[in-house]
Amino acid sequence: MKNSTTRQCLLAIGMAACLTAEVQHADCTLFGPQRDRFVRVPDRDLQILSATSSEVAATLPPLPPRSRSGALQSGTGSELDDILFAAMRANGVTPAEPATDQEFIRRVTLDLTGRIPTVPELTSFLADSGPNKRPALVERLLASPAWVDKWTMYFGDLFGNSAVTSQVRRAADGRNAFYHYIKSSLQQNKPYDQMARELIGATGQNSYEQGELNFPVGGFMGGGPQQDTYDRQAADAAQIFLGIAHVDCLLCHDGRRHLDSLSLWGKDFTRSQAWGLAGFYARTQLTRVPATPGRPNPYYWSVLNDFGRSRADYTLNTTSGNRPERLPRPGQSRTVAPVYPFSGRGPNPGESYRTALAREITADFQFSRAAVNYVWKQFFGLGFVDPPDQFDPARLDPNNPPPDPWTLQPSNPQALRKLAQDFIASRYDLQALQRQIVNSRVYQLSARYQGVWNPTWDKYYARHLIRRLDAEEIHDSLVIASGVSATYTLPGLGQVNWAMQFPETANTPAGRGNAVTAFLDSFLRGNRDDVLRSRETSLPQALNLMNDNFILIRARVATPNSLLARSLGQPDDQLVTTLWLNVLSRDPTDAERAAALDKLRGGGSAQRTRNAENLLWALYNKTDFFFNY
């Protein structure tokens, strides 16, 4: 398609509108990779790339009437639901209707596995009239290899697994070992507190063989004194396992005059206290070990715990590096003993410093609270505390509210506490946590809302807040919808068929400049270092959805095994249904069906083929394909 950038953006934005019930179809021209036409786009649709979740949801067509699994009655059920629906009632917020079965299966399959459902999975689920069909579906998804792939990607993001960062080189072998550690932990459904202890306290000789060693290695800081590394490792542990990113600031300066307006806890916290947290790393040594004796590269890492045991505690003797000078104040010792700031405890006699830190962190209720909040945000798009690494420990307890003008920080502290308590009771079972969330009635509310939605109600979760799919979800859902597989050969991992199986995001699958790598990068997957994953929308995304060869080959009849190659011989009405079920996981509305049939008809077989390709291409670009509603 040879169009100007502006015109292409208009097309990309408008293509979804042409097939929705909210647009006068007579005013739209269906177009595709075979066409070069301008599409009349209602002004409303020009805002789609910068729209809020609620605004995008409003563009979705009404679903055809299907079962809403009548057992779902808003406001009754689990204690978690009771807490959340009580908050809605108390604030005059009317919840959305329960999601239809078609909404639910698409949403939960994407959220748990990163893929849309196949048509056999969809039709089997819709045909099931049993009262437990939704919980049964959840169990199948939790038991699937795709669940492991999706959450290996998630925790790879959270733990920052990459071959190279701006500070440290794990190399592909170290990255792969870390990837296998995360993946095998999820395959075993290893308790999350056990994972945390293994990562924080990891010790061993070879980071290529012991994946968990790569977590402390990720905190290495070059170009300065060793205290820079201790600080970075402590900040990482606090952010990832406690949801408190402000520790990073406090390792540079006292909270007073820096965090006064941001954190009630942080404004009175001192740098000396933060040094006590970093002190748990003071007897850890990271060492590069040549993989081939006599050659400096490649190398792996060893992580020695309590190196020498005679090594000094955290020492205040630096005037250079990545942070301000570390010098004792008058009357202060030149060394800082390890002290966990939320309990006042240090290591037990004879206990390894990092083993002690892992024990203290995982025994802290904040560990559970932070973990469930991270996962909740992944399902709902909005944490009880959001961003989820900005917890203020002094504003979390509804039984001990903060002084004016401070307010409680979580949007629903009772729900957050309940979820954290249940996570502890399950012995930190990640699958049990996710099962509890997706089986809840609040998760199963529709994204569509009857009436006027007030954006300030988002924090009550009274409707499902839709999100743009992640890069890997778009890739893998296109593979599912089109039937055209993708195969990549990755060093040390062999062949993989799904983007969710990539061990990292940066330069994957085939290096910088590769077409598939560039396609995925346009959806802002980040690099797990200094660029975080984002679900923002952008013009390059629209252009890639419209023009990238990854999309175009999956819209062509000539592509072997493609959806159209297999289904073009169907009668028009059946073909339309087939395309909608494969791509959008639902039947077309009456208006969509009429518009699609009108575009299919006319001309000979060659024209019908082009029309069918244009139609499928438009569905791949439709708002409700690349958003999870």
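Begin by selecting helix α3 and colouring its buried residues, which are Leu80, Asp81, Ile83, Leu84, Phe85, Ala87 and Met88; buried here means under 20% relative accessible area, with exposed over 50% and partly exposed in between, using a 1.4 Å probe and protein chains only. The model is a predicted one, in which local features need pLDDT of at least 70 and side-chain atom pairs count only at pLDDT 80 or more, while totals for chains, interfaces and linings use all residues. Residues are numbered from 1 along each chain as its sequence is written, and side-chain values use heavy atoms, with hydrogens and water left out.

Keep α3 selected and follow its length: the helix covers residues 79–90, has 12 residues and reaches 16 Å from its first C-alpha to its last, close to the 16 Å expected at 1.5 Å a residue. That expected span is 1.5 Å times one less than the number of residues, and helices are DSSP runs (H or I, at least four residues) numbered from the N terminus.

Next, turn to the salt bridges, of which the structure holds 41; each is a side-chain nitrogen of Lys or Arg within 4 Å of a carboxyl oxygen of Asp or Glu.

Select Asp101 and Lys133, whose side chains meet in a salt bridge at 2.8 Å, N to O. Asp101 belongs to helix α4 (residues 101–113) and Lys133 to helix α6 (residues 133–142), so this pair ties together parts that are 32 residues apart in sequence. Both Asp101 and Lys133 are buried.

Move on to Asp149 and Arg115, which form a salt bridge at 3.6 Å, N to O. Because Asp149 lies in helix α7 (residues 145–159) and Arg115 in the loop between α4 and α5 (119–127), the pair ties together parts that are 34 residues apart in sequence. Asp149 counts as buried at 4% relative accessibility, and Arg115 is buried with a relative accessible area of 14%.

Then select Asp572 and Arg608, a salt bridge whose closest N and O atoms are 2.8 Å apart. This pair links distant parts of the chain, with Asp572 in helix α23 (residues 572–584) and Arg608 in helix α25 (residues 605–620), 36 residues apart; Asp572 and Arg608 are both buried.

Finish by selecting Asp228, Asp231, Arg232, Asp236, Asp248, Arg323 and Arg326, which are linked in a network of salt bridges.

Key. Helix = DSSP H or I, 4+ residues; strand = E, 2+ residues; numbered from the N terminus.
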